[in-house]
Amino acid sequence: MTQTPASDQQTALVTGASSGIGVDFARELAGRGFDLILAARRVDRLENLRAELTEEFGVTVDVLAADLSSRAGAEKLHRDVQGLSRPVNMLVNNAGLGRFGPTLNQSVDELDEMIQLNVTSLTVLTRLFAADFKQQGGGYILNHASFSAIQPPAHYSVYAGTKAYVLAFSQALNQDVRGDGIRVTALCPGFFTSEFLTKAQQDPGLIVKLIMLKPRAVARAGIRSVLRGKPVIIPGVGFKLLNLVLRLAPRSFATGLADFALKY
Ligand SMILES: NC(=O)c1ccc[n+]([C@@H]2O[C@H](COP(=O)([O-])OP(=O)(O)OC[C@H]3O[C@@H](n4cnc5c(N)ncnc54)[C@H](OP(=O)(O)O)[C@@H]3O)[C@@H](O)[C@H]2O)c1
């Protein structure tokens, strides 16, 4: 069983809390009584969210400016959190970025930006906070992967590769650090509404619009799962079933299906 830290008050660090599902993670955690540290580059948005959550839930919220597009940025965020002198016992590694389109139309800089944010910074933060959690006697890490980690769609090749890394890394690490009272969960949702598709430059077709999940429900499933120590969570009955089918199907069929779903 995961032990709670010396103080009864729980504190969660949420990266990428300035838009999209990061806001829902923050709301879900505040609703459960967690104090919060919110991190992203757009600090004005974090400040607005801080005011809202403090007023509505009466929790303590700190805001940290963080650019996680490099290892140095992730290390700085860890130092900044330590500087707050508030023991954190949950890390929600949510900040992430996708690029849609033929891989050869994506510049090497764009691909590197995705890998730095989705893989390098997530790994560095996980490693640094896991060491703190071990010292404290336990903690929770929720790593945001994607359903594309399970079935990589064409035109999201590098993004899907980064998310497959997040899934494999989190699953293995969960087993690795269980004895230290640390629980690691990989969250693998399908599409949901946020700024993601616009930034990825994907114009969603009918199928994507029809299968869109609700971000608040995804955030709730993620938080509930990490608190219960589940290694992997695929939100939504439809995606759970699809996962089972895809596990049995030939890979060429599965890849073709994902391609079709994104085209129409
Ligand atoms: N939307 C989907 O359909 C979907 C499906 C599966 C998984 N996901 C995953 O969900 C996570 C959240 O994305 P979202 O859908 O909520 O999209 P979003 O609205 O674009 O949110 C992305 C968040 O990441 C932060 N971020 C981006 N680059 C950053 C950087 N260099 N340094 C620090 N923070 C950075 C952004 O904040 P700033 O720009 O203010 O820094 C923002 O708060 C991502 O990991 C994504 O891969 C999304």
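Predicted model: local features only at pLDDT ≥ 70, side-chain atom pairs only at ≥ 80, totals over all residues.
Which residues line the largest cavity? Residues are numbered from 1 along each chain as its sequence is written, and side-chain values use heavy atoms, with hydrogens and water left out.

**View 1. The open sheet has 7 strands in the order 3-2-1-4-5-6-7, with parallel pairing.** Strand 3 (61-65) and strand 7 (232-233) sit at the edges with a single partner strand each, so one side of each has no neighbour in the sheet. Strand 1 (residues 11-15) pairs with strand 2 (residues 35-40) in the parallel sense over 5 bridges; Ala 12 has Leu 36 as its bridge partner in strand 2. Two strands pair if DSSP finds at least two bridges between them. Helices (H or I, at least four residues) and strands (E, at least two) are DSSP runs, numbered from the N terminus.

**View 2. Helix 3 (residues 71-83) crosses helix 4 (residues 108-136) at roughly 35°, their axes coming within 8 Å.** Axes are lines fitted to C-alpha atoms, for helices over the stretch in contact, and angles run from 0 to 180 degrees between N-to-C directions. On the helix 3 side, the contact (heavy atoms within 4.5 Å) includes Leu 77, His 78 and Val 81; on the helix 4 side, Val 124, Leu 125 and Leu 128 are among the residues involved. By class, this contact has 7 nonpolar, 5 polar and 3 charged residues. Here Ala, Val, Leu, Ile, Met, Phe, Trp, Tyr, Cys and Pro count as nonpolar, Asp, Glu, Lys and Arg as charged, and the others, Gly among them, as polar.

**View 3. The second largest pocket has a volume of about 410 Å³.** Its lining runs to 15 residues, with Ala 149, Ile 150, Asn 243, Arg 247 and Arg 251 nearest the centre.

**View 4. The largest cavity holds about 40 Å³ of space.** Thr 15, Leu 68, Asn 93, Asn 94, Ala 95, Leu 117, Ser 121, Leu 122 and Leu 125 line this cavity. Helix 4 gives the largest share of that lining, 4 residues. On a 1 Å grid over the protein atoms alone, a cavity is a set of points where a 1.4 Å probe fits but cannot get out, and a pocket is an open set with protein on both sides within 12 Å along at least five of seven lines; lining residues have an atom within 4 Å of a point. Grid points are joined across faces, edges and corners, and a volume is the space filled by probe spheres set on the points.
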